[in-house]
Amino acid sequence: MNRTASPTSISTAQPEDFFQLLKPRVMSLVIFTAVTGLVVADGEIGWLTAAIAILCIAVGAGAAGALNMALEGETDALMRRTRGRPVAAGRVGKNDAMSFGVILSVFSVMLLGMATNWLAGGLLALTIAYYAGFYTLLLKRRTPQNIVIGGAAGAFPPVIGWAAATGAASWQAWLLFLIIFLWTPPHSWALALYSAGDYAKAGIPMMPVARGAKSTRLQILLYSLVFVPVAVAPGLTGLGGAIYLAVSIAGGAGFLFLAFRLWRSRAGDQPDKAEAVGREAALYDVRAEAKPARNLFAFSILYLMALFAALLVESMTSMMRL
Amino acid sequence: MRLTPEQLSARKKRNLALAGALIVFIVLVFTTTVLKMKGNLDDRKEAATAGQIAGAAS
């Protein structure tokens, strides 16, 4: 029998490459929102079980990221933002990334179900299938609304945390879901406004590519007008307290101001030919008129973190008082 | 088939990482099992105590 494997077919992927498959930066946001959901829910869950639950949610989210990278290797290689990813750069094989994602998905869902309850486990499984299957395979290349519908995947972690702590997903948990769900379009489209060229090259119909920058700026403003009142809502329904209310109103005003300024700007408009000639822009080298888009993108991350941090701080403070 | 030193080193690192991950997984499953068993025992104790109180009251 002749074994045809050659030394060149043996991978040189490092453990760090597999860690990068988990999208650690996205994972940190997932951990943060899941912890908030778990703590705010105020269920009867021990700290050790809570820690295992958070680990499972983080690994499950990472597994979805690995599946996404395995499925999108060729597309990622076409975009500056993603071409350094392990599969796109050729450091990890597509099949290896796929196996890694599937194994981590199964283990994280099973362990979360065993450690807490099967509602939480089921929601984690749904999130992974939604992101890797529904969003990556079906939505992303078919509709400019990809990020609107696909944004649900990123909104599930606080609900999973809530379900892990209480065994149920109450309307407050879905309010947290709604906040992230409505936050995603203005956040993602602000980024897309200054990297639309990349998306066009990769054939992804992001809103600025499919409908143009002007329409995208208007939609960002409209989504922001819906998002900010929803972000303030927990402060009026008893889920959040005075700190949350102050943070959500002040930050919401800032968010709306930046969205309005973006709407009035020329961010994402095609550059003049003379200006574009001979200019290979670096990844975050934003043209002056696109700065309002970058400002909103950066502020949106800060605002979401501040909202969940306020909820977390208030819950922990009241727990310490008891 | 002879592997290059780079391939050997990468494979060794991957194997070590995999071994570490497996150990963590085993510890997590063990911990979860113990926590679940402890929870069930506590529930039974509570139920037995409630039964005794109910019996004494009647």
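This is a predicted model: local features need pLDDT of at least 70, side-chain atom pairs count only at pLDDT 80 or more; totals for chains, interfaces and linings use all residues.
Trainee: How many aromatic pairs does the rule count over all chains?

Mentor: Residues are numbered from 1 along each chain as its sequence is written, and chains are lettered from A and ligands numbered from 1 in the order in which they are written. Rings of Phe, Tyr and Trp (its six-membered ring) pair if their centres lie within 6.5 Å, and the pair is stacked with planes under 30 degrees apart, edge-to-face over 60 and tilted for the rest. Over all chains, the number of aromatic pairs is 15.

Trainee: What kind of aromatic pair do Phe107(A) and Phe25(B) form?

Mentor: The ring centres of Phe107(A) and Phe25(B) are 4.5 Å apart, with 15° between the planes. By these values the pair is stacked.

Trainee: Why does that pair join two chains?

Mentor: Helices (H or I, at least four residues) and strands (E, at least two) are DSSP runs, numbered from the N terminus. Phe107(A) is partly exposed at a relative accessible area of 36%, and Phe25(B) is partly exposed at 25%; the classes are buried under 20%, exposed over 50% and partly exposed in between (1.4 Å probe, protein chains only). The pair joins two chains because Phe107(A) lies in helix H5 (residues 94–115) of chain A, and Phe25(B) in helix H1 (residues 5–57) of chain B.

Trainee: What is the pair of Phe227(A) and Tyr303(A): stacked or edge-to-face?

Mentor: Its ring centres are 5.8 Å apart and its planes stand at 85°, so the pair of Phe227(A) and Tyr303(A) is edge-to-face. The pair links distant parts of chain A, 76 residues apart: Phe227(A) is in helix H12 (residues 213–237) and Tyr303(A) in helix H15 (residues 291–321). Both residues are buried. The kind of pair is edge-to-face.

Trainee: How far apart are the end C-alpha atoms of H1(B)?

Mentor: The expected span of a helix is 1.5 Å times one less than its number of residues. H1(B) has 53 residues and should span 78 Å, which agrees with the distance between its end C-alpha atoms, 78 Å.

Trainee: Which helices of chain A do the buried residues of H1(B) pack against?

Mentor: The buried residues of H1(B) are Gln7(B), Ala10(B), Arg14(B), Leu28(B), Thr31(B) and Thr32(B). In chain A, they pack against helix H1 (15–21), helix H3 (47–71) and H5.

Trainee: How many salt bridges does the rule find across the interface of chain A and chain B?

Mentor: Contact means heavy atoms within 4.5 Å, and 20 residues of chain A are in contact with 16 residues of chain B. The chains bury about 1700 Å² between them, 73% of it on carbon and sulfur atoms; this buried area is the accessible area (1.4 Å probe) that two parts lose on being put together, summed over both. A salt bridge is a side-chain nitrogen of Lys or Arg within 4 Å of a carboxyl oxygen of Asp or Glu. Across this interface, the number found is zero.

Trainee: Which residues does Ser315(A) touch, not counting residues up to four places away in sequence?

Mentor: Ser315(A) is in helix H15 of chain A and is buried, with a relative accessible area of 11%. With that exclusion, Ser315(A) touches Val39(A) and Val40(A).

Notes. Side-chain values use heavy atoms; hydrogens and water are left out.
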